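Subject: Structure for your review

Dear colleague,

Please find the structure below, together with its sequence. My notes on it follow.

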Amino acid sequence: METPAAAAPAGSLFPSFLLLACGTLVAALLGAAHRLGLFYQLLHKVDKASVRHGGENVAAVLRAHGVRFIFTLVGGHISPLLVACEKLGIRVVDTRHEVTAVFAADAMARLSGTVGVAAVTAGPGLTNTVTAVKNAQMAQSPILLLGGAASTLLQNRGALQAVDQLSLFRPLCKFCVSVRRVRDIVPTLRAAMAAAQSGTPGPVFVELPVDVLYPYFMVQKEMVPAKPPKGLVGRVVSWYLENYLANLFAGAWEPQPEGPLPLDIPQASPQQVQRCVEILSRAKRPLMVLGSQALLTPTSADKLRAAVETLGVPCFLGGMARGLLGRNHPLHIRENRSAALKKADVIVLAGTVCDFRLSYGRVLSHSSKIIIVNRNREEMLLNSDIFWKPQEAVQDVGSFVLKLVEGLQGQTWAPDWVEELREADRQKEQTFREKAAMPVAQHLNPVQVLQLVEETLPDNSILVVDGGDFVGTAAHLVQPRGPLRWLDPGAFGTLGVGAGFALGAKLCRPDAEVWCLFGDGAFGYSLIEFDTFVRHKIPVMALVGNDAGWTQISREQVPSLGSNVACGLAYTDYHKAAMGLGARGLLLSRENEDQVVKVLHDAQQQCRDGHPVVVNILIGRTDFRDGSIAV
C-alpha cells in the first residue's frame with residue numbers, strides 16, 4: 001500500500017506543469033501580438049483621415065539624396081510614387097520599354113557619380129528590366145530599381161502580375177528587400193542607396209507592394225469588407241483585416257531622417273601603398289591599365305588625370321576611363337595592348353580584372369610584377385590561381401593612384417619605353433589610313449566615314465556606342481574628348497543600351513552633344529525610343545552604320561560553318577522610320593559620299609535646334625580585318 005509520503009512528489013508535478021503551460025501560452029500570445037503589430041499600435045497612431053500615401057515617402061528620400069530624374073514606364077502599381085516625384089520637382093521621364101529606363105539610370109549613375117533611379121510596374125514590367133540590371137551589375141553601376149508588386153496580403157494568392165520578384169533579383173542586386181509597412185519605406189530606401197554606392201557599386205532592388213504606396217482610404221476600400229460580416233469566423237476575419245490595415249499604416253507619417261547614410265568605401269593602407277611605391281620605383285618598363293573603377297567617386301576625374309600625368313607611366317584606358325587624358329595624349333597608348341603587357345616589367349591594373357578582356361590573365365608575363373587594385377576582392381584575384389600571380393593586391397582604386405603619385409614624387413622613367421609603345425600606335429594608325437583609302441564594292445567605306453566622324457566630333461561631346469562590327473572599328477578611330485565622355489555597355493557586352501544611355505547622358509549633361517554610334521543590328525532595339533526623345537525634347541544624334549547584317553557574327557559564321565543563316569538584314573530606311581516618330585532623318589550613301597562632313601554638320605545643327613536626329617549611313621561589307629577587329 002502506497003504511503004502519503006511517497007505520493008507527494010507526484011502530486012507536486014501538476015502545479016509545475018500548469019505554470020509551464022501558462023507561461024508557454026502567455027509567450028505565444030505575446031509573440032502573436034507582436035507579429036500582429038498590436039504593441040506598436042499602442043504607441044503609434046493610424047491617421048485614418050489622411051490622404052497621404054507611401055509614394056510621398058519614396059519621393060522625399062529620393063529628393064534628400066539629390067535625385068533629379070526618375071526613369072520609368074508607367075503602371076498602376078507605381079503611380080503614387082511617380083506623382084509624388086513630380087510634385088517634389090523630380091523629373092519623371094517615361095520610356096517605351098522598361099529596359100531603356102534602367103539603361104538611362106545606369107548612364108545617369110556613371111556620369112553623375114550618384115545613384116541612378118528607375119521605377120517599373122510589377123511582374124512583366126520588372127522582368128523586362130533583367131538584362132539592364134545584369135548589365136549594371138557587371139558594369140558596377142550604382143542604380144536603384146523600384147518595383148511595384150501585388151498587395152502584401154494577396155501575394156502568393158494568384159494576384160495580377162504577381163511573381164516572386166525577390167528571387168529573380170537577388171542574384172543580380174547587392175541589396176534586395178520588399179517593404180511590408182509604410183513606415184519602413186524611408187529607412188529601407190536609405191539603406192538601399194548606401195548599399196548601391198558602398199564597396200563595389202552595383203544595382204539594388206526595393207519592392208514596393210501596392211498597398212504601401214496608396215492612401216489609407218483606398219487600401220481600406222480594397223481590403224476591408226464594406227458590410228460587417230455575420231458569424232464568428234466572419235468577425236474574426238474582419239478583425240484580422242482591420243488590424244492588418246492598421247499595422248500597415250501605423251506610424252506612417254511620423255518624422256524620420258531622410259538623408260544619405262555614410263558610405264563604406266575601401267581604402268589602401270599606408271603599408272600597401274609603400275610596398276607598391278617600392279615596386280614601381282625599381283621599374284624600367286612600367287605600364288598602367290586603368291578601367292572604369294578608377295573613375296568612381298569620391299576621386300574626381302580631374303584629380304585622377306593630374307595624378308596619371310604626374311606619374312608619367314604610359315597607360316591603356318578602358319571602359320569609363322576612356323578619354324581620361326583627352327585626345328592624343330603622349331602617355332595614352334591605344335594599340336597592341338597584349339604585346340605591351342608582355343614587355344612591361346611592372347604592371348598596375350587599376351580597376352581592371354583578368355577576365356576575357358585580358359585573356360583571363362594569359363597576356364601577363366610571368367616575369368612581370370603585377371599590382372592589381374580593385375574594390376572587389378573576388379574579382380581582383382580572378383584567375384590568379386591559374387594564369388597569373390599578383391605581387392600586391394589592394395582594395396582601392398582612384399585614391400590609391402593619388403597616394404602612389406605622392407610616394408613617387410620626382411620619379412622618372414626612360415622616354416624610350418613610351419616612344420616604343422607610341423611607335424606601335426603610329427603603325428596601326430597608318431594601317432587604318434590605308435584601309436580608309438581602299439575601294440569598296442558598294443556604298444561607303446566605314447573606316448573613311450569614322451575618320452571623318454573623328455575629325456568632326458566636338459570637344460563637348462559624349463560618345464554612346466552600341467553595336468558590334470561598326471562600333472568595334474569606331475573604338476579604334478573615334479576618341480572621346482575628355483573623361484566621362486564615353487559610354488559602352490561594359491563587360492556584359494549588351495546590345496540595346498544606346499537609347500537609354502543617350503537619354504541619361506543628355507539629361508545629366510544638357511550642354512553636351514550626345515553622339516550615338518550604332519550598328520544597324522543594335523539600332524533595332526533603340527529605334528522606338530526616338531518617340532521618347534521627341535516627347536521629352538531631348539536632342540541626341542544617332543549615326544547608324546548600316547551594312548544590312550549582323551556582320552560581326554557573319555564574319556566568323558560563314559567561313560567556319562558555311563552559312564549566313566540569321567545574319568542578314570536589309571538596308572532599311574532607318575532615317576525615315578525616325579521621321580515617322582517625329583525625329584529628323586538624314587541619309588549618307590554613295591550618292592552623297594563627298595558630303596559626309598556637311599551631313600554631319602547638318603545633323604549637329606538640327607540637334608542644336610532641339611531635334612533628335614538619325615543619320616542612316618549605308619556602308620559596304622568590306623573584307624578588311626586586323627586581329628579581332630573587323631572593319
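In what follows, two residues are in contact when heavy atoms of theirs lie within 4.5 Å of each other. The model is a predicted one.

With contact defined in that way, Thr188 touches Phe175, Val177, Val179 and Val206, its neighbours within four places in sequence being left aside. Thr188 belongs to helix H9 (residues 185-197). Its relative accessible area is 13%, so with the cut-off for buried at under 20% it counts as buried. Between the C-alpha atoms of Thr188 and Cys176, which are 12 residues apart along the chain, the separation is 9.9 Å.

Aromatic pairs

Eight aromatic pairs are present in the structure. One of them joins Tyr240 and Tyr244, with 6.1 Å from centre to centre and 40° between the planes, a tilted arrangement. Both residues are in helix H12 (residues 232-249), and because they are four residues apart there, about one helical turn separates them. Tyr240 is partly exposed, at a relative accessible area of 36%.

A further pair is made by Phe530 and Phe533: the ring centres are 5.0 Å apart and the planes stand at 85°, so this pair is edge-to-face. These two residues are three residues apart in helix H23 (residues 530-535), again about one turn of the helix. Phe530 is buried, with 1% relative accessibility, and Phe533 is buried with a relative accessible area of 1%. Phe530 and Phe533 also belong to an aromatic cluster that includes Phe518, Phe523 and Tyr574.

Charges over rings

Two residues with a charge over a ring may be of interest for your work. The charged end of Arg362 is placed over the ring of Phe387, at 5.1 Å from the ring centre. Lys435 lies over the face of Phe432, with 5.1 Å to the centre of that ring.

The sheet

An open sheet is built from six strands with parallel pairing, in the order S13-S12-S14-S15-S17-S16. Strand S13 (486-487) and strand S16 (584-588) are at the edges; each has a single partner strand, so one side of each has no neighbour in the sheet. S16 runs parallel to strand S17 (residues 613-618) and is joined to it by five bridges. Leu586 is opposite Val615 in S17. Helix H21 (residues 498-508) packs on the sheet, where it touches strand S12 (461-466), S13 and strand S14 (513-519). The direction of H21 makes about 175° with that of S14.

With kind regards

Technical notes:
Residues are numbered from 1 along each chain as its sequence is written. This is a predicted model: local features need pLDDT of at least 70, side-chain atom pairs count only at pLDDT 80 or more; totals for chains, interfaces and linings use all residues. Side-chain values use heavy atoms; hydrogens and water are left out. Rings of Phe, Tyr and Trp (its six-membered ring) pair if their centres lie within 6.5 Å; planes under 30 degrees apart count as stacked, over 60 as edge-to-face and the rest as tilted. Buried means under 20% relative accessible area, exposed over 50%, partly exposed in between (1.4 Å probe, protein chains only). A charge sits over a ring if NZ of Lys or CZ of Arg is within 6 Å of the ring centre and within 35 degrees of the ring normal. Two strands pair if DSSP finds at least two bridges between them. Axes are lines fitted to C-alpha atoms, for helices over the stretch in contact, and angles run from 0 to 180 degrees between N-to-C directions.
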